[in-house]
Amino acid sequence: MTSASQKLEIATFAAGCFWGVEHIFLKHYPPSQNKGILKTTVGYTGGKDAPVAPSYEDVCSGTTNHAEALRIEFDPSVVSYDELVEFFYRTHDPTTVNRQGWDAGTQYRSVIFTHSPEQTTVAKRVTEEVQAKHFTPKGENIVTEILEVGLWHDAELYHQLYLFKNPNGYHCSTHKLHW
């Protein structure tokens, strides 16, 4: 358990349908096992600022340019940001623009939304390492964007922990461990 004196951090990733992104992170870093992830929330970020939060339907229309994303509260004394960024790359296809499996559209793009200059530095370094080790040998290029996080909007309640509540729900074929 994290004490109040320890500093928590936030990591935000978009890698296709947020149901599967949340599911795979929590499957491998369950809060009950003290592996560093304390809480997750799915939502929308990276789009047009508007006075009203976008709905799922708005985001799926492609008109808002928001990505379906996962916000992770984590304890950096247990799991490093470096490790979370590498895990993000292990669990989807970062070589496709605006697509994961059959899911296509800007809401399904691959993005690391950073919360500090330090996170940006780490995200760029880990991206270069993963590119060299796992994608350059296959002749593929990572197209993941690394952007400063913008305004965050929680997704509707029924999307939170969706695949834990609906184990037979839709799973994107790219959300698995690739190495």
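This is a predicted model: local features need pLDDT of at least 70, side-chain atom pairs count only at pLDDT 80 or more; totals for chains, interfaces and linings use all residues.
Local features were taken at pLDDT of at least 70 and side-chain atom pairs at pLDDT 80 or more, whereas totals for chains, interfaces and linings use all residues. Residues are numbered from 1 along each chain as its sequence is written, and side-chain values use heavy atoms, with hydrogens and water left out.

Helices (H or I, at least four residues) and strands (E, at least two) are DSSP runs numbered from the N terminus, and two strands are said to pair if DSSP finds at least two bridges between them. On this basis six strands form an open sheet of mixed pairing, in the order β7-β6-β1-β3-β2-β8. Strands β7 (145–148) and β8 (153–154) stand at the edges with a single partner strand each, so one side of each has no neighbour in the sheet.

Strand β1 (residues 9–15) is largely enclosed by the rest of the structure, because six of its seven residues are buried, where buried means under 20% relative accessible area, exposed over 50% and partly exposed in between (1.4 Å probe, protein chains only). Five bridges join β1 to the antiparallel strand β3 (residues 67–74), in which E73 is the bridge partner of I10. Four bridges, also in the antiparallel sense, link β1 with strand β6 (residues 110–114), and here T12 stands opposite F113. Strand β2 (residues 37–45) pairs with β3 in the antiparallel sense over eight bridges, with R71 of β3 as the bridge partner of T41.

Helix α1 (residues 18–28) lies across β1, β2 and β3 and runs at about 170 degrees to β2; axes are lines fitted to C-alpha atoms, for helices over the stretch in contact, and angles run from 0 to 180 degrees between N-to-C directions. Helix α4 (residues 117–135) packs on the sheet, touching β1, β6 and β7, and its direction makes about 150 degrees with that of β6.

Within β6, S110 is buried at 4% relative accessibility. Its contacts (heavy atoms within 4.5 Å) include A14, F88, P94 and V143. The side chains of S110 and H92 are joined by a polar contact of 2.8 Å.

The structure holds zero disulfides, a disulfide being a pair of cysteine sulfur atoms within 2.5 Å. The sulfur of C60, a partly exposed residue at 30% relative accessible area, is 8.6 Å from the closest cysteine sulfur, in C17, which is too far for a bond. For C172, buried at 5% relative accessibility, the nearest cysteine sulfur is that of C17, 7.3 Å away.

Notes. A polar contact is a pair of N or O atoms within 3.5 Å; within protein, one must be able to donate a hydrogen and the other to accept it, and residues adjacent in sequence count only if both atoms are side-chain atoms. Lists of a residue's contacts leave out its neighbours within four places in sequence.
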